[in-house]
Structures are given as structure tokens and as C-alpha cells.
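Please look over the fold and the chain pairing below. The report follows the sequence and structure.

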There are 2 protein chains.
Amino acid sequence: MTITASHSWATLAAHHQELGKKHLRELFADDPDRAAALSLSFEDILFDFSKQRLTRETLGLLVQLAEASFLPEWIQRMFDGERINVTEDRSVLHVALRRSAAPFPSARLDVMPEVLTTRARMAEFAELLRAGKAQGHHGTAIRDVVNIGIGGSDLGPKMVNQALRSLAHPALGVHYVSNLDGAQMAPLLQTLDPRSTLFIVVSKTFTTQETMLNAETARSWLKANLGDDVDLSNHFAAVSSRPERAVAFGVGPDRVFPIWDWVGGRYSLWSAVGLALMIAIGPHAFDELLAGAERMDEHFRTTPFARNLPVVMGLIGIWNTNFLGAATNAVLPYNESLKYLPSFLQQLEMESNGKSVGIAGDPVQHETCPIVWGELGNNGQHAFFQLLHQGGRLVPCDFIASVRSDYPLPGHQEALLSNCFAQSSALAFGKTEDEVRASMEKEGVVAEQIADLLPHRVFAGNQPSSTLLLKSLTPAALGALVALYEHKVFVQGAIWGINSFDQWGVELGKAVASRILPAFADPALASAFDASTRALLAYCGKHA
Amino acid sequence: MTITASHSWATLAAHHQELGKKHLRELFADDPDRAAALSLSFEDILFDFSKQRLTRETLGLLVQLAEASFLPEWIQRMFDGERINVTEDRSVLHVALRRSAAPFPSARLDVMPEVLTTRARMAEFAELLRAGKAQGHHGTAIRDVVNIGIGGSDLGPKMVNQALRSLAHPALGVHYVSNLDGAQMAPLLQTLDPRSTLFIVVSKTFTTQETMLNAETARSWLKANLGDDVDLSNHFAAVSSRPERAVAFGVGPDRVFPIWDWVGGRYSLWSAVGLALMIAIGPHAFDELLAGAERMDEHFRTTPFARNLPVVMGLIGIWNTNFLGAATNAVLPYNESLKYLPSFLQQLEMESNGKSVGIAGDPVQHETCPIVWGELGNNGQHAFFQLLHQGGRLVPCDFIASVRSDYPLPGHQEALLSNCFAQSSALAFGKTEDEVRASMEKEGVVAEQIADLLPHRVFAGNQPSSTLLLKSLTPAALGALVALYEHKVFVQGAIWGINSFDQWGVELGKAVASRILPAFADPALASAFDASTRALLAYCGKHA
């Protein structure tokens, strides 16, 4: 049965009618304890969702929806290692990557021996590099590490590496290359010394077009600089579930690290896919990252839904998407170190839940994942916040900040946080016509001008948001934060009745690209394509 | 009269009903010359909009809408220097910044003398720095330039600087600092030598909180390193319409460059706000950038609407937003050097047209600016494209690429472009159930599995897009591209009946932030705020 036909859904719909467009001003006036009642905390994270457009009653009804849905069963099944990624016939065990003890998920299916062995191998290799004891062909110590991967093999490690850069090894450069565009790889190579550079090639299949082309370019560059027939094995490592392909490429077998089919790319930063990250921040910080995530996993698995952060966060998204009709969700970090978080969450959410076919193959009867977008919040204020305040579109926002700065400078952090809190408050409460008139009168603006400008200076407010406030951006807090979003996505997928763990939607574009590519060399092949593609190819032919 | 009450609007609405959800497959089948008929070119830019969900007839009706709207009059009024930014009582003359000859907009209002004088002063200063002849206090040549500005004083120059980085001066580092977060400024300062660093403080009012705090931090850093009582004037330049404030801060009067109230921040990269950019790429390339934009300005001013790129682009956005109901617009550059373009366009579009009150103060009766979002397209394929292909949401996309690469590497550019063309094609045409079944049968998948997987592998298609294909990313082509988007925004603002040039929506958050800030030092002040803000402040107080 589709969730929209359930009693809980109908009850929520009726409740939504009743609540109507009740303004956050009223909601706050109605319930003086709202801020406490509609917030949760987990270790060093405060999750304040009191500025969402809902009441305690809404929350209760949403929790009932979750309890009546397949969610409890799906949580159980994920942690039991069942093959819940049904369209690919795989288990979903990224939670195993955070664990410290065997067996998991069960003695029969235990994946922990290989997880722990791999983690130990990663740590050994990372320590070697961090100690300056890994050498290139000519005996020079490796000083730069280039991660070559795309999507999940890039965004997760890069996002966390940036977030925890205050912990990064001072003498090692860690870089990320993903894009097919030579304009990413070529300028980076210009800054590197081939004698002291190591490339980590990260691809589950070891066939990803972008990654393999960039890896080949890296190999050509090394050969061109170190000599055509030298052994390059000191300059490569690999992460793949097809180790034989990595070895065939030229990576030493002891430098190939496994990943498994029960880890999706967008959930893989905790695995050997995070090797470059571990090299940057060290095995100890990496372990803390895992530990923070593991504790969030346990919170998610064991906490009653009404107090369960990922469940409540997921339910809020469902409320906003399916009842209030929000088409997007803005992610607004007030922390420069989280600058890649919006991109990371774009993948996590939109690739997981950007689907409109149910897990059993039936079209779903409701909207699913919104467009996730965003930027550093302070920058956004001077760019697109105009639309959030006065554009007339409903845009739920996630504000994310940390109390303490990793890079404290006098006066900066309080100013930053005051802006963060001010924006969510201004978005929620707005400024009424009467308030605008009063403040313009106070400024001494003449009556005629007040009349002209008044409508332009009114803020409707009622724009919903949550604030995630961390004490500080430690590895453990970040691990918990990322796991929080991972499980939020799981919650929504389970309630929407879709498979969050496949990604069939990426296949067609790849197939078409492989058919178009030969037409660059042989224009006659273009005739097989649509008129627009033909015209674009012709333009290239004319101007290449 | 509101545009929605016009005859042209009604005609378009009827046409939309008639066209219904006609699939792009049908539209291409119906009109074999569609690719040629629904594309335009301007100098080295091809604009292919044949994969938008419209026909030649739609285009004709949209052009009629534009002709019947206030647009022709508004174009005239902008180029005549009238005060079309009515809520701020200002002219809108960023086009003057691109021009090479006086008078403009008229002999009576001529702004060109000050524009040309400023441009010459900028060039002189830039050449001095590029020649290594600008010295810091101790006589060391300036090697690093830090632009301190936010919003329009950051995004434009930074975006273009990145786009044209292949032309950047090899011995000068040009950096951009915007955010209040010390985590942006502090790590940068660690890499700089105060003796050879110049800061350019860019703020129209010279009161922008972020910019002034970062400027003060820069000054403190210089003093701490160079001596408390040294003359720092060799380490600062400024761009402001309040030069006296810049001088009071400590900038030498000859290093203060003007901006004017007829330039909005988001339209200002062509002015002295682009000084850091000019230092990076040189006055010659900067002039080419201006010249490309100027030619687009002339194209916009003089070309009949049906062949006018900004007009057609703006009208397509109106069709997608107001008739098809798209809530967002994705910007997907297939060029690593354009990685900041989505952020730049977010500001340009959403700050200009993210409004719901008409120019005369009446609420508008239609949607206005969509959420503009995006990422480098090739990366997006491995992240959020899943949703574009199968998420069931209508998301018009702008694909942007250049035929030639600035950083050619064997095999990369064709692979990149084949992906760009493949994605827009796959989004447009999809893959039907029959096609999926046929290809699965060909792969040898057994019948039962075909039945299970089929619905997950179907692509509905009909996702509209335009492709902007540049011959190469030259300064002139980029100038034209940015001017194209600027005027697109103008077209939409004129038709929607809003003022694209004010930004009242940024005021409230600033005011609230200034009230919240003192509560960090004096918690008693928190009682004035809403319950959520109080709780967030209390959490900070506990964990700071």
C-alpha cells in the first residue's frame, strides 16, 4: 500500500488543512515552550527545528506516520544486513564501516574482519606517508597526494578534508581531481613535482570514464617526467572492488584497497574511499570521525522516533515536501570549512531519493526528493537571500554552524553567529507593514516616500528553517552530522517507498555519451543522433 | 496593468493548454528543422534552445508578449540613463562600464569621463603591480593581492578570475576573502608574507560588516607583523563610493577608486570592483572582456526580439516558470574554469528578480525568479543528475561549454563534450519502456528480471534544456556571456513588472544581526528575542 493511502497520511493532510498558513509568529505566540519542545540534541549537536511550520501535534502525527510505515522494519533490515537494495540485490552496510567490533551485522554475515583489516592497512599506509617514509621512484619522499575519483569517490573525502583542514598534515598536500575537463588536472600538475607525487585512483569498477582518463593522464605525466620505462608503482595506490583491474593498470597489489558491493558510492567516505582524507588528517582523527558516526548510528537504531534526530529530520522534510509543497531545500553552512557540504548533500539526497518509481516498480503517488542547493550562508546573504526573504517561494532552510571557530579571529565568530541566528529569525518572523511604517517614521522618512516604499520593505516571513548548532567542528561531531543526514535520507526513502540505494538514472547519459564520443573523430556517425546533437557536433567540427 | 491580464498572456496560456505535455520526442519529429529554427548565435556563442519544451509558434507568441509588455520602453529607458531603479531613485548604467567612447547615456548625463578616467587609473595601478613595481612598506615588491569584499564585490571578479585563470599573471597571487568566518581569512594569512601583500577593500558604502571586519583584521595582521606605527598605505587600495571613509581607514587617496550609485553590486565586475581581476589578467584582457560585453549590449539594444539572445533567453525562462511551472533552473557548466558561474548567476538572478512586489508596490500575480542552482555538469552527473533524469521534477537546465579547452589534454575535451551533449539529449528524449526492454533483452537479461527492473530503468525524458556553446572561453566570449545573462534578467524583470535593481530583502537580516550581536557579550539582552534565538544564544553561552 502506498503511504499516501494510509490513515496517518490522511490525518496529516487534515491537520495541514486545519493548520493552514498559520504564521510562525502565531505558532511561537501559541506555545511559549516551543523552542525547547521542538528541539533535540545529540552529544555536541543541538537540532533546533522550532522555526519549522509545525506544532507539537504535527510532530506527533508525523511520528505516527513513521511508526505506521515500513520504516521500523527497514531500519531493522538494514542493520541485520538484509539485501534491502533490492534492484541491485545488495545489502546496505555502510554502518559497518564505522564500527569498531565484530561481528556485524551477524556472525553468519560478518563483514567486520575485512573492514577492520582494511582500516588497519589504510592506517599503516597513511602513517608511512605522514612520516615521509613513502618514496617515489627516485627515492624522494612523497609530498603530494592526488585523489582521482568522481561523485562518491570525490565529494565525501573532499568535503570532510576541507571541514577538518585545521587538522591536516602541514607537509603533505592532498588534492582532489574528478572532472573530465583537462582544466582541472592540467593546472594542478603544473604545481606538482612528479618525483614526490602519489595518485590514488578510486573507482569501484575501475572503469569509470572520468577516473580512468584522469588516471591515464597522470600515468603519462609521470612517464614523461620520470622516464618511459620506470616502475611507477610507488606513485600509485587504488581503491576498487576489482583489484585485478587496478593491478593491471600498474598499481602494486599491496596498494590496492578494497571496497564492497554493500557500500554505495555516496555512503563510502568511511571506507578506503576516504584514504586520501585519512592521509591528510591522520588515522586518529579518522577514527574519531567514524566513532561519531557510529554513535549516531546507534542513536538512530535505538532511539524512539519522537526523540530520534534522523527520524525527526526526515519527517520534517516530508512535511515540507509533501504537505507544504516545498520544491527545494537550502543548505546554508555558517562555517567556511563546510563549504563543500551543500554539494555533498546534493549527491547524498538527490541521488538517493531523486526517484519516482517505488521499490516494487510502481510509480509513486507523491513528490519525493526536493532540489537540495545552497552556499555558505554568510555569502548567500549578499547573493540570493533576497529571494528567500521576498521572492514569495517556500524554501525550507538548514542553517548549520558551530559555536567555536577552528580559526578564531577577534570579533569574527560572534558576528558570524549573530548573522546566522538573525537570518533564520528574519525569515521566520518577517516584518509587517505596521512595523515597517513605524521604523520608517522613526527614521524620519516623509509620508509620501513611506507610501511608495512600504510594500517593498515588508517581509512576509513564515519561511521555515532548522538550525544545527555544533559545539565545534570536531571529527566526531562531523561524523555524527554526516551520519545524521545519511539516515535522514534513509528515513525519507523508507516512507516514500523508494529504494534509496540504487541509481539507475545515471545509466542513460553514460550510454549516450559513449555513442556520441566516436562522432568527434568520425563526423559521419553524427547522423544517428537527434537534430540538436547533430548541430552541436557540427559546431564543434567547425570550431575545434 | 499586470502582465497576466494581457491578451498575449492569455494567448500563451491557451497555447500552453493546446501544447499540453507534448514530448520533446514529438516536437523533434514534428519539425525536422527545429535545431536550426530554435537556435541563435552571437559572435562566438551558439545558443541552442531546441530542447526547450516549445515550438516556433510558442516563440512567436512569447515575442509578442515581450513586444506588448513594457520591455521595449524599459530597454530604451535604461540606455537613456533614466532613473529606472525607482525605489532607490537611481539610473542603471552598468552598460556604461563596458563602453569605449563618450558621451553616454547622453551629452547631458555623460558618465563616460569618470568611467574612462577610472579605467585608466585602474590600468596604471594594475600595470605597476604586474611589473613588480608596487612596493610594500619595506620596499618588497607586492606579490599577493587580496580582494576583500562580499556579494557583488566578490562573486563577479572571483568568477571571471577563475574563468580566465589561464591568462593570469604567473608571479602574482590574487585571492578573494568575503566571509565573516575567520576560517576564510586566517588560513590565507598563514600563507602570505605581510611585506609583499596588498589588500583591496571593496565596499560601496565602506560600512559592509563583513568587509570592514576583514579589513580590520588585515590591518591588525599587517601591524602585528610590520610594526605598530608603520605607514600601511602601500598595503591597501579601496573601491568605494565613499572615498573619504576609505581614506579615514588608512588608504592613500590615490589608491581609492570610485564606484557610482548607478551600478548595482551584482552588475559591478566591469567597474573598479574588478580591480583585483584586472591585476590578475591584465588591462588588455580586461578590455577584451568589456568589449565582448559591449557588443552584447548593442545586440540587446538593437536586435529584433525574435533574434535577440537575451530577450529569447528571458522569454524561455518565463515560459518555463510561469507556464510550465518550473520552480528551479539548473546551471551546468561543462568547463572547470566556470566553476563559480552557478554562484554568480544565483546572485545575479535571485537578488535581481527574487521579488513578489511590483515596481508600483502592488503584489505580483505570478511567480517570479526560480531557484537558480547548479554545479560543474560533469561532476553533477555523478551526484544529482539522478534526480534530473528520474526524480519526476521539472528542472530546466542551462548547459554551458566551450569547444576548445584552455588546458588541452589528450582525449579529455571530446570526452567532456560528449558527456555534455549526451546529458541534454538523454534528459530531453529519455528511454521508453520498449527501448529498455529491447536493450535488456539484448544484454541477455532473463524475463523475470526484466519485469522487475524495467520500471527502474525507464527515463521519462521531456526535461528541457538550452545549450550555450562557446568556441572558446576568451575574455570577449565570457564578457558577452555574462552580459547575456544580465540582460536576460532585465528582460524578465521588465515583463514581470518588478524592479530588478533594488534589494530591500537584504535589510531585515542585517538589522536583526546588529541587534543580536551585543547579546553575545551581554546575555541579558537575549530576552528581547524570540524563544528560538534565545535558546541558540544560550547554547552558545554554555559552549563558547
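The expected span of a helix is 1.5 Å times one less than its number of residues. Helices (H or I, at least four residues) and strands (E, at least two) are DSSP runs, numbered from the N terminus. Helix H13 (residues 341–353) of chain B has 13 residues and should span 18 Å at 1.5 Å a residue; its end C-alpha atoms are 18 Å apart, which agrees. Because 13 of the 13 residues of H13(B) are buried, the helix is largely enclosed by the rest of the structure. Buried means under 20% relative accessible area, exposed over 50%, and partly exposed in between (1.4 Å probe, protein chains only).

The model is predicted: local features need pLDDT of at least 70, side-chain atom pairs count only at pLDDT 80 or more, and totals for chains, interfaces and linings use all residues. Residues are numbered from 1 along each chain as its sequence is written, chains are lettered from A and ligands numbered from 1 in the order in which they are written, and side-chain values use heavy atoms, with hydrogens and water left out.

**Chain pairing**

Two copies of a chain are related by a rotation about an axis and a shift along it.

**The five-stranded sheet**

Chain A has an open sheet of five strands in the order S4-S3-S5-S6-S7, with parallel pairing. Strands S4 (173–177) and S7 (256–258) of chain A stand at the edges, each with a single partner strand, so one side of each is left without a neighbour in the sheet. From one strand to the next, the twist averages 20°. Two strands pair if DSSP finds at least two bridges between them. Strand S6 (residues 236–240) of chain A pairs with S7(A) in the parallel sense over three bridges. There, Val239(A) stands opposite Phe257(A). Helix H8 (residues 182–190) of chain A packs on this sheet, touching S3 (144–148), S4 and S5 (197–202) of chain A. The direction of H8(A) makes about 160° with that of S4(A). Axes are lines fitted to C-alpha atoms, for helices over the stretch in contact, and angles run from 0 to 180 degrees between N-to-C directions.

**The six-stranded sheet**

A second open sheet in chain A has six strands in the order S1-S2-S11-S10-S8-S9, with mixed pairing. Its edge strands are S1 (39–42) and S9 of chain A, and each pairs on one side only. Neighbouring strands are turned by 15° against each other on average, direction ignored. S1(A) and S2 (residues 45–48) of chain A pair in the antiparallel sense over four bridges. Ser41(A) stands opposite Leu46(A) in S2(A).

In chain B, seven of the seven residues of strand S8 (residues 328–334) are buried. Thr328(B), Ala330(B), Leu332(B) and Tyr334(B) point one way from S8(B), while Asn329(B), Val331(B) and Pro333(B) point the other way. Four bridges join S8(B) to strand S9 (residues 371–374) of chain B, and the two run parallel. Val331(B) has Gly374(B) as its bridge partner in S9(B).

**Buried loop residues and cysteines**

| Residue | Relative accessibility |
|---|---|
| Pro370(A) | 7% |
| Lys471(B) | 17% |
| Cys397(B) | 0% |
| Cys540(B) | 3% |

Pro370(A) sits in the loop between helix H13 (341–353) and strand S9 (371–374) of chain A. Its C-alpha atom is 4.6 Å from that of Thr328(A), 42 residues apart along the chain. Contact means heavy atoms within 4.5 Å. Not counting residues up to four places away in sequence, Pro370(A) touches residues including Trp496(A), Leu387(B) and Arg393(B).

Lys471(B) lies in the loop between strand S11 (465–470) and helix H19 (475–496) of chain B. Leaving aside neighbours within four places in sequence, its contacts include Tyr539(A), His543(A) and Asp44(B).

The structure holds zero disulfides over all chains. A disulfide is a pair of cysteine sulfur atoms within 2.5 Å. The sulfur of Cys397(B) is 11 Å from the closest cysteine sulfur, in Cys420(B), too far for a bond. Cys540(B) is in no disulfide either; the nearest cysteine sulfur, that of Cys420(A), is 8.7 Å away.
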